[in-house]
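Q: I am new to this structure. Can you show me how to read it, one feature at a time?

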Amino acid sequence: MPRSSASALWPRPRPRARTPPPPPPPPVLKFGLNHVTYLIENKKAKLVVIASDVNPIELVVFLPALCRKMDIPYVILKNKSRLGQLVHQKNAAVVALTAVNKEDKSKLESIASNARAQFNESTEATRRWGGGVMGLKTQRKLEIRAKALAAEAAKKAKF
């Protein structure tokens, strides 16, 4: 059979109509520790809300440092059940905002700037380590060292 007659037996493919691209997803709250950590690492989160009563606390203790490193504003809230109500769950340890409507953008920016001032740039939260109380032996060693330095300074003053 000649080639032309064989191609006549097969139907020609019809050109497909182009479908428009899907609309962007609506702004929603993202929750869940792994998901929010992923969003923070990829700098997709605009604001992170962390619950203070998570048990065990080790689950969320790294998040403030990660948010500071990635320059994402975060807030620590009192109760994880309040966060759960936002996402229609019983509890939520962490919630992140990734996008908001255009009319709410200015509100988000003001909340984010307040959060940065209160949490991200707060040095009292990052610099407070331990009680600063020394043991008796250490106190005694420092006293002896201070006396020795004073005696040496007095000897130098004579010359």
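Q: By class, which residues make up the lining of the largest pocket?
A: Start with the general idea. Rolling a probe the size of a water molecule over the atoms shows where empty space is left. Keep in mind that this is a predicted model. In this model, the lining of the largest pocket has seven nonpolar, six charged and one polar residue. The space in this pocket is about 220 Å³. Of its 14 lining residues, Ala-45, Lys-46, Thr-98, Lys-105 and Leu-108 are the closest to the centre.

Q: What is the order of the strands in the open sheet?
A: Strands of a sheet pair through backbone hydrogen bonds, either parallel or antiparallel. Here the pairing is mixed, and the four strands follow the order β1-β4-β2-β3. β1 (29-31) and β3 are the edge strands, and each pairs on one side only. From one strand to the next, the twist averages 25°.

Q: How many bridges join β2 to β4?
A: Four bridges link β2 to β4 (residues 94-97), and these strands run antiparallel. Leu-47 has Leu-97 in β4 as its bridge partner. Helix α5 (residues 105-120) packs on the sheet and touches β2, β3 and β4. The direction of α5 makes about 75° with that of β3.

Q: How do β2 and β3 run, parallel or antiparallel?
A: β2 (residues 47-51) and β3 (residues 74-77) run parallel, joined by four bridges. Val-49 has its bridge partner, Val-75, in β3. Between β2 and β3 the chain passes through helix α3 (residues 63-70), in a right-handed β-α-β crossover.

Definitions and conventions
Residues are numbered from 1 along each chain as its sequence is written. This is a predicted model: local features need pLDDT of at least 70, side-chain atom pairs count only at pLDDT 80 or more; totals for chains, interfaces and linings use all residues. Side-chain values use heavy atoms; hydrogens and water are left out. Two strands pair if DSSP finds at least two bridges between them. Helices (H or I, at least four residues) and strands (E, at least two) are DSSP runs, numbered from the N terminus. A crossover is right-handed if, with the strands pointing away from the viewer, the path from the first strand over the helix to the second runs clockwise. On a 1 Å grid over the protein atoms alone, a cavity is a set of points where a 1.4 Å probe fits but cannot get out, and a pocket is an open set with protein on both sides within 12 Å along at least five of seven lines; lining residues have an atom within 4 Å of a point. Grid points are joined across faces, edges and corners, and a volume is the space filled by probe spheres set on the points. Ala, Val, Leu, Ile, Met, Phe, Trp, Tyr, Cys and Pro count as nonpolar, Asp, Glu, Lys and Arg as charged, and the others, Gly among them, as polar. Axes are lines fitted to C-alpha atoms, for helices over the stretch in contact, and angles run from 0 to 180 degrees between N-to-C directions. Contact means heavy atoms within 4.5 Å.
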